[in-house]
Amino acid sequence: MKIRSTILAVLISTAPVSTLWAQTYFTFDNYIEPSSVLEFGLITTDAPATLEVYDYAGGERGELLGTTELDFGANTDVTVNVAIPPQQDVLALIRNDAGEVIASEQFRLLDEEDDD
């Protein structure tokens with residue numbers, strides 16, 4: 001009985017730590033340079049996922065511009081190739097293998113005035 005109590009105590013004490021790691025998020029500024037290669041910096045995921053980038057003109061999700069696969073954990077220097085550099089803001093969605101959106105972020109395009 002003492003062994004069961006010890007195992008249960010260990011499981012309970014480590015549960016909050018494991019849930020802290022179960023997150024998917026962007027760590028990059030909400031600004032992106034208009035280019036045919038969009039740079040998103042570091043993205044952390046709690047499972048393998050797909051980054052989808054959409055046109056976000058007028059605050060509505062538009063055409064899919066490009067995708068890239070993400071691994072579990074920290075994904076550094078994430079980039080997405082697009083055929084034509086976006087002219088408006090973009091919406092980035094992270095989908096898990098079940099197709100559920102597990103994170104999203106709007107990115108504004110940098111312009112000449114934002115560079116200062």
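In what sense do S3 and S6 pair, and over how many bridges? S3 and S6 pair in the antiparallel sense over seven bridges, where two strands count as paired if DSSP finds at least two bridges between them. This is a predicted model, in which local features need pLDDT of at least 70 and side-chain atom pairs count only at pLDDT 80 or more, while totals for chains, interfaces and linings use all residues. Residues are numbered from 1 along each chain as its sequence is written, and side-chain values use heavy atoms, with hydrogens and water left out.

**Sheet**
- The order S1-S3-S6 describes an open sheet of three strands with antiparallel pairing, and its edge strands, S1 and S6, each pair on one side only.
- Glutamate 39 has threonine 79, in S6, as its bridge partner.

**Threonine 24**
- Threonine 24 lies in the loop between helix H1 (2–21) and strand S1 (25–26); helices (H or I, at least four residues) and strands (E, at least two) are DSSP runs, numbered from the N terminus.
- Threonine 24 counts as buried because its relative accessibility is 14%, buried meaning under 20% relative accessible area with a 1.4 Å probe and protein chains only.
- Not counting residues up to four places away in sequence, threonine 24 touches Thr44, Thr45, Asp46, Ile94, Ile102 and Ala103, contact being heavy atoms within 4.5 Å.

Methods:
Buried means under 20% relative accessible area, exposed over 50%, partly exposed in between (1.4 Å probe, protein chains only).
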